[in-house]
Amino acid sequence: MLTIRNLQSGYHKLRVLKGVSVHVGENEIVTVIGPNGAGKSTLLMTVAGILKPFAGTVTFDNTDLESFSAEKRVEAGCVLVPEGRRVFSTLTVKENLELGAFLRSGKNEKSAIQQDIERMYSLFPVLQKRMKQMAGTLSGGEQQMLAIARALMSRPKLLMMDEPSMGIAPIIVSQIFKTISMLREEGLSVLLVEQNAKKALSIADRGYVLETGQIVVSGSREELLENHDVGRAYLGKDYSTIDE
Amino acid sequence: MNVDLFFNYLVIGLTVGAQYAIVAIGFNIIYNTTGIINFAQGDFLILGAMVAISMSSILPIGIAIGVGVLVAAVYGAVVENVFIRRNRSFSPFRSVCIGIIAALLLKTLGIFSFLPEGIDFAAAFLFGLPVGFGLETVFRKYMKEQTVLSLIVLTIAVSILTREIMSHLWDKDAHVLPYFIGDSNTILSLGSISFSPQRIWVLGICALLVIGLYVFFKYTRYGKAMRACSLDHTAAKLCGINVRLMITISFIVSAAIAALAGSVISPLSQTKYDMGSVLAIKGFSVAILGGLGNSFAAVAGGLILGILEAFSVSIFPNAYKDVVAILLLLLILVFKPSGVFGSRQASQLKEF
């Protein structure tokens, strides 16, 4: 589905990613974990077409995305839920959802879009309650749900998420993650970037550890959970065993 | 001041104010999508009115105004494409535009004045267009992302350029569009107040524009997308919105509404090539008065300024009329820079 090969990217002259290769298969949840400043967001922003890579390739559905603008990538089915949610704060919840389907709304899919909005309401019932409210007035967790729902409105094949757990109550995070695994059952592929490694590995099939712009460890969920270094650095294992 | 005079001033103030309001809304539309304050806004208005005036001699007045609006809209798109957009890939459209500007400059400078009339124009274009393609080929690679401030200064250059082009395409005299109904002596009486029916046209059309824009931004696909762009360009792109296109549309829309407002008010206030800069200052004062980016506040601000100006005539000499706007601008900037209707918190988060 998505293949990233030897990607180098960053801001202006600052090279953040120093050759990163990541693969997401059909119907898979893949997570990239790592500390602050490792380049996780840079990776997703580059795949989404907001940042231009210095080198390397991004292939989606067997097409090279190099010449694709950010909008075209959305159209191709590769959508990012950005870090910090970035909902349109002075627009209503419903308008936010409609804008998620912006490209589809030009193609006479009015009733299909309406159906999808209803579907988002059933996935995240709180959004229906708040549909006429301005998005900026929602709580952090609700905004995160809205950001995910907005991205889903474009009917993506691959959903990329940048730290969906940031600043949100653990119970809401579990709820969101449950919804994500449910969407995967329906055929969605997911690339999940997280600092909260424990949470991310709880739903992922495979994972990569990104440190200072390079992949240092990769493997299946079980391999990562059992990896000593990963356990100590990201899962707080030594400490939890002491606690117990 | 008796009651009749009061209402007469009020009607005059409202019509002039409506024009300011439309210019200010134009400022806001572009400001919202780009953060730029477009000081060529007043020149868009004059350009549209000038074209409408020229066309009105051969076309029915409604169609003439339509042509004026269309020309202004295209010009707005050209300004955005040539001056504002920072696109490093080769653009044939930009080349042609630069070529036309070069040709007009050659014509203005009189380089080909030894050739007969008409042929000199053709010669200017023959030389101008390759110059446009040449400049595009050589300099496009040096296009840099500019700060908002330098783009604002650029719009002042565009304003001067537009004004000079207009002074050569037409002349430096004041022109008027014919009254829509009757002539300058036609008077509509409402009790003891009497005014020209043209004032109803101005108020009516400006009101329709405001309602139309409200509907556009609230309910249409592109309107909503433009509001999204005004909040967060990156998030808009991630929704599949073509932000560049929305910026172009914002220039087209503000130029078009300015041209329409300029045309309806032309019979009353005349149209002259250099009136755009004064209008830009008035419109800017109004936009600041209401709070930048807020279109309903712009309407209120426009009407307030128009009325203040109209009444100032009864106290100060007529020549001091323009002082009102500047004074108001100064007072607002000193005491409430976020605008009368703007929120202080929001303005602190903005670059301008």
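Two strands are taken to pair if DSSP finds at least two bridges between them. Helices (H or I, at least four residues) and strands (E, at least two) are DSSP runs, numbered from the N terminus.

## Basis of the model

This is a predicted model, in which local features need pLDDT of at least 70 and side-chain atom pairs count only at pLDDT 80 or more, while totals for chains, interfaces and linings use all residues. Residues are numbered from 1 along each chain as its sequence is written, and chains are lettered from A and ligands numbered from 1 in the order in which they are written.

## The six-stranded sheet of chain A

An open sheet of six strands in chain A has the order S6-S7-S8-S3-S9-S10, with mixed pairing. S6 and strand S10 (214-220) of chain A are the edge strands, each pairing on one side only. On average, neighbouring strands of this sheet are turned by 15° against each other, direction ignored; axes here are lines fitted to C-alpha atoms, for helices over the stretch in contact, and angles run from 0 to 180 degrees between N-to-C directions.

Strand S7 (residues 158-162) of chain A has parallel neighbours in S6(A) and S8(A). With strand S6 (residues 78-81) of chain A there are four bridges; Cys78(A) stands opposite Leu158(A), and Val79(A) has Leu159(A) as its bridge partner. With strand S8 (residues 189-194) of chain A there are five bridges, and here Leu158(A) stands opposite Ser189(A). From S7(A) the chain crosses to S8(A) through helix H8 (residues 170-185) of chain A, and this β-α-β crossover is right-handed (with the strands pointing away from the viewer, the path from the first strand over the helix to the second runs clockwise).

S7(A) is mostly covered, with five of its five residues buried. A residue is buried if 20 or more other C-beta atoms lie within 10 Å of its own, exposed if 12 or fewer, and partly exposed in between, with C-beta atoms placed from the backbone. Leu158(A), Met160(A) and Asp162(A) are buried on one face of the strand, and Leu159(A) and Met161(A) on the other.

## The four-stranded sheet of chain A

Four strands of chain A form an open antiparallel sheet in the order S2-S1-S4-S5. Strand S2 (14-24) and strand S5 (63-64) of chain A are at the edges and have a single partner strand each, so one side of each is left without a neighbour in the sheet. Strand S1 (residues 2-11) of chain A pairs with S2(A) in the antiparallel sense over eight bridges, and Ile4(A) stands opposite Val22(A). Helix H1 (residues 40-47) of chain A packs on the sheet and touches S1, S2 and strand S4 (55-60) of chain A; the helix direction makes about 110° with that of S1(A).

## Positive phi in two loops

Arg155(A) is not a glycine, yet has a positive phi of about 55°. Arg155(A) lies in the loop between helix H7 (140-152) and S7 of chain A, and counts as partly exposed, with 17 C-beta neighbours inside 10 Å. Thr212(A), also a residue other than glycine, has a positive phi near 35°. Thr212(A) is placed in the loop between strand S9 (206-211) and S10 of chain A and is partly exposed, with 13 other C-beta atoms within 10 Å.

## Interface and nonpolar core

Chain A has 23 residues in contact with 15 residues of chain B; contact requires C-beta atoms, placed from the backbone, to lie within 7 Å. On the chain A side, helix H2 (70-76), helix H3 (93-100) and helix H4 (102-105) each supply at least two residues.

A nonpolar core is a set of buried Ala, Val, Leu, Ile, Met, Phe, Trp, Tyr and Cys residues joined through C-beta atoms within 7 Å. The largest has 168 residues, among which Met160(A), Ala21(B), Ala72(B) and Ala259(B) touch the most other members. Helix H10 (residues 243-269) of chain B gives the largest share, 17 residues. Leaving out residues up to four places away in sequence, Ala72(B) touches Phe44(B), Leu47(B), Gly48(B), Ala255(B), Ala256(B), Ala258(B) and Ala259(B).

Gly26(B), in helix H1 (residues 3-34) of chain B, counts as buried with 32 C-beta neighbours inside 10 Å. Apart from neighbours within four places in sequence, Gly26(B) is in contact with Gln41(B), Ser254(B), Ile257(B) and Ala258(B).

Val67(B) belongs to helix H3 (residues 61-84) of chain B and is partly exposed, with 17 other C-beta atoms within 10 Å. Not counting residues up to four places away in sequence, Val67(B) touches Val51(B), Ala52(B), Met55(B) and Leu59(B).

How values were computed: Contact = placed C-beta atoms within 7 Å.
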